Amino acid sequence: MRKACVVLVSLLPALVPVVPARAADNGSWSVYPVAAQAAARPYFYLSADPGQTLTDKVAVQNRTGEPLTFRLYAADAYNTPRDGGFAVRTADETMRGVGAWARLARSRITVPGHRTVTVPFTLRVPTGAEPGDHPGAIVALDERIAPGGGKLALGIRRAVGARVYLRVSGPALPALAVSRLSVGHHRPLLFGTGTATVSYTLRNTGNVTLRPSAELTARGLFGRTLLERRAARVPAELLPGQSVRLTETWRGTPVLDRAAITVSARAQGASASAGASFYAVPWLPLVMLVCVVVAVVIVWRMRSRSGERTATRRDRRFAVRRGLRDQGQ
């Protein structure tokens, strides 16, 4: 029986964290900008006017003893929705920025063992390009598929990319937005503290890359401070037009209170906030309160119906008596 084969493209983890003054590599090969040793660049930092053409070179170094063949392509960058990590589009996705504007002199190269191959490329910025940041990468993809195991065979393609930070001249407009703030509260049964899960969407609505920070605050009745801390899961870089869904856990919510939660995000030249609230009430007292309210409503309705029946009987007796008097007359 044949095994189904799923091909996974594994982009180098070194694309995600900011690594100062070193090439992006996965232990087998590296991709980095060509530069003099005295002016080594960890990434491509480029500036251009709309309509301008830039030229540069990328180096691919084989760290193994065997020849390696790569597919070279330029790609747009984005933030992963899950954790906001820096990632790039695959070769078969539609490109609208660096991935569409950059052209490499060679699309496939073979690098001998322990050797380096340099490839020139041009980057033509369209005349109608929007001002601001257009992040991307020059990617070296090993098209060999590593074998997998199990009933569902997983094939893995590995890729390494050197980041490209391109800024097109024009007005820089930093802007942030915090939206879809929701709070899930897990109440204790009777006594003790609860746990709240705060989820929100952080979006870069401007045209420049931001390095945001966020704070989580909670105020109780009469303005009492219940929580004040820095959010831990904010991405190091939030690219223009990108958003990420973030979650923070608040352990130790009050036993009995009304908590008003605010998420405040800031970056250089931009800020935004959103708020939500919830009532902290243990389950057992809450259930008892609901039962009391339901009982009061039932008793009230029963008394109201009893009063209506009594009034109806009274009205009928009155009508009968009046009819008898009318007949006597």
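Predicted model: local features only at pLDDT ≥ 70, side-chain atom pairs only at ≥ 80, totals over all residues.
D257 itself is found in strand β18, residues 257-267, where a strand is a DSSP run of E of at least two residues, numbered from the N terminus. At 7% relative accessibility D257 counts as buried; buried means under 20% relative accessible area, exposed over 50%, and partly exposed in between, with a 1.4 Å probe and protein chains only. The side chain of D257 also makes a polar contact with the side chain of R224, at 2.6 Å. By polar contact I mean a pair of N or O atoms within 3.5 Å, where within protein one must be able to donate a hydrogen and the other to accept it, and where residues adjacent in sequence count only if both atoms are side-chain atoms.

Now to the charged pairs. Side chains of opposite charge can pair when their charged atoms come close. A search of the whole structure finds 11 salt bridges, a salt bridge being a side-chain nitrogen of Lys or Arg within 4 Å of a carboxyl oxygen of Asp or Glu. One of them joins R167 and D133, whose closest N and O atoms are 2.7 Å apart. That pair links distant parts of the chain, with R167 in strand β12 (residues 152-168) and D133 in strand β11, 34 residues apart. R167 is partly exposed, with a relative accessible area of 39%, whereas D133 counts as buried at 14%.

E237 deserves a slide of its own. Its salt bridge with R163 has the closest N and O atoms 3.2 Å apart, and since E237 lies in the loop between β16 (225-230) and β17 (243-253) while R163 lies in strand β12, the pair ties together parts that are 74 residues apart in sequence. Both E237 and R163 are buried. E237 also forms a salt bridge with R211, where the closest N and O atoms are 3.1 Å apart; R211 sits in the loop between β14 (194-204) and β15 (213-219), 26 residues from E237. E237 has 7% relative accessibility, while R211, at 56%, counts as exposed. Salt bridges that share partners therefore join R163, R211 and E237 into one network.

What, then, of a buried charge without such a partner? D76, in strand β6, is buried yet has no salt bridge, and the nearest side chain of opposite charge, R89, is 5.8 Å away; here Lys and Arg count as positive and Asp and Glu as negative, with His and the chain ends not counted. A polar atom of the D76 side chain does lie 3.1 Å from the backbone nitrogen of G97.

Next, the largest pocket, in which about 420 Å³ of space lies. On a 1 Å grid over the protein atoms alone, a pocket is an open set of points where a 1.4 Å probe fits, with protein on both sides within 12 Å along at least five of seven lines, and lining residues have an atom within 4 Å of a point. The lining has 17 residues, of which A77, R96, H134, P240 and Q242 lie nearest the centre of the pocket. Two or more lining residues come from each of β6 (68-79) and β11 (132-142), and β11 gives the largest share, 3 residues. By class the lining has 5 nonpolar, 7 polar and 5 charged residues.

Finally, the backbone. Most residues other than glycine have a negative phi. R180, in strand β13 (residues 176-186), has a positive phi of about 50° although it is not a glycine, and R180 counts as exposed at 60% relative accessibility. F222, in the loop between β15 and β16, has a phi near 65°, and at 89% relative accessibility F222 likewise counts as exposed.

How values were computed:
Residues numbered from 1 in each chain as written. Heavy atoms only, no water. Points joined across faces, edges and corners; volume = space filled by probe spheres on them. Helix = DSSP H or I, 4+ residues; strand = E, 2+ residues; numbered from the N terminus. Nonpolar A, V, L, I, M, F, W, Y, C, P; charged D, E, K, R; others polar.
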